[in-house]
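Trainee: Could you show me how to read burial, strand pairing and salt bridges in a model like the one below?

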Amino acid sequence: MAVATRVISSPKKLATLVGCCYFNTNNELHGCINDVRSVAETLVSRFGFDRRDVTVLTDEPGSHPMPTGANIKRALTDMIKKAKSGDVLVFHFSGHGTRVNHEKDEAIVPCDFNFITDVDFRQMVDLLPSGTTLTILSDSCHSGGLINHEKEQIGPCTVKRSIDAKDLKSKPRFIPYETALQHLSGLSGIESQQIGDHLAHLFGDDASDKFLNKAYHPKKPIADNGILLSGCQADQFSEDLSPEGEKPCGAFTNSFQKVLAQHPGTISYKELVTKVRQLLRSEGFDQNPCLYCSDSNAVSPFLSQKRPGTKDFDIEATVGTAEKGVNLTTGVAGIDVKGNAV
């Protein structure tokens with residue numbers, strides 16, 4: 001008997017990964033590009049991302065395009081424009097973070113110091129199609145709260161480390177406000193004690209709306225699908241590590257990779273952040289990763305990973321009278337239940 005079969009393709013998985021080491025400057029870091037490379041491998045090998053759908057921006061000499069503020073925002077905007085309902089989007093940033101507006105608000109620091117702020121990330125989340133998630137992992141100082149007005153699921157902790165960080169050479173991924181102001185003042189050549197004035201002067205419309213006096217009224221999403229895993233609290237530093245005899249890395253990125261390796265099955269966002277926080281604390285680090293997202297996303301599988309052995313596609317069948325022995329619940333993406341190409 002005739003069997004009509006339709007294969008529903010799996011959701012797209014798209015990623016933008018950014019590593020800034022600020023080479024040959026006083027702000028130089030060492031582990032950020034290694035972080036990006038390790039995360040890219042994890043997305044491909046464990047979570048089924050296609051390498052062609054993973055965009056990587058680093059400030060390694062000779063890289064193009066460089067991870068400037070404008071280029072990072074452009075890559076994120078392009079990724080969101082490609083997305084459809086049900087797709088899984090990831091943004092991973094490894095580099096310096098800072099605080100602006102009298103140290104009340106959070107931002108990441110691209111290689112050209114054109115800050116991307118909590119308002120920018122809120123705007124991007126508000127552009128997501130319904131049912132599409134954007135998971136942001138920021139291994140940078142002051143990264144807690146990096147999506148403006150996102151609900152806090154795992155927040156600040158007052159527990160301090162009780163042991164030394166195992167003789168690891170480390171450096172905070174932090175640009176102090178005064179350092180940033182001095183740097184930007186030298187570039188802009190204008191008189192002002194407000195970082196926003198220099199950013200607006202230097203970068204024009206490519207600067208964050210936070211600094212352009214633009215009225216922004218965020219919409220109230222029906223289902224907010226922004227998810228932030230921050231390397232630390234808003235008032236803490238994320239450490240850049242240079243262990244003896246090992247590759248430099250970020251303490252947060254390294255720890256979340258270790259936790260994923262220890263838990264090959266499905267793990268929720270809340271479980272992941274809790275275990276990463278526990279691991280960092282056990283290793284003596286005074287940084288507490290945080291989780292910001294909706295209640296439903298907090299308990300959902302990290303990056304929508306399914307149980308081992310399950311498929312990333314579904315098959316719908318319309319049957320007149322099924323032929324004996326035909327299994328309508330199994331198959332391979334791209335073929336029908338009889339093995340014919342579709």
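Mentor: Seven bridges join strand 2 (residues 13–19) to strand 4, and the two run parallel; strands are DSSP runs of E with at least two residues, numbered from the N terminus, and two strands pair if DSSP finds at least two bridges between them. This is a predicted model in which local features need pLDDT of at least 70 and side-chain atom pairs count only at pLDDT 80 or more, while totals for chains, interfaces and linings use all residues. Residues are numbered from 1 along each chain as its sequence is written, and side-chain values use heavy atoms, leaving out hydrogens and water.

Trainee: With which strand does strand 4 pair over seven bridges in the parallel sense, besides strand 2?

Mentor: Strand 8 (residues 133–139) pairs with strand 4 in that way, and there Leu134 stands opposite Leu89.

Trainee: Are the faces of strand 4 buried or exposed?

Mentor: Buried means under 20% relative accessible area, exposed over 50%, and partly exposed in between, with a 1.4 Å probe and protein chains only. Val88, Val90, His92 and Ser94 on one side, and Leu89, Phe91 and Phe93 on the other, are all buried.

Trainee: Which residue forms a salt bridge with Asp139?

Mentor: A salt bridge is a side-chain nitrogen of Lys or Arg within 4 Å of a carboxyl oxygen of Asp or Glu. Asp139 forms one with Arg173, the closest N and O atoms being 3.3 Å apart. Asp139 lies in strand 8 and Arg173 in the loop between strand 10 (170–172) and helix 4 (177–188), so the pair ties together parts 34 residues apart in sequence.

Note on methods:
Helices (H or I, at least four residues) and strands (E, at least two) are DSSP runs, numbered from the N terminus.
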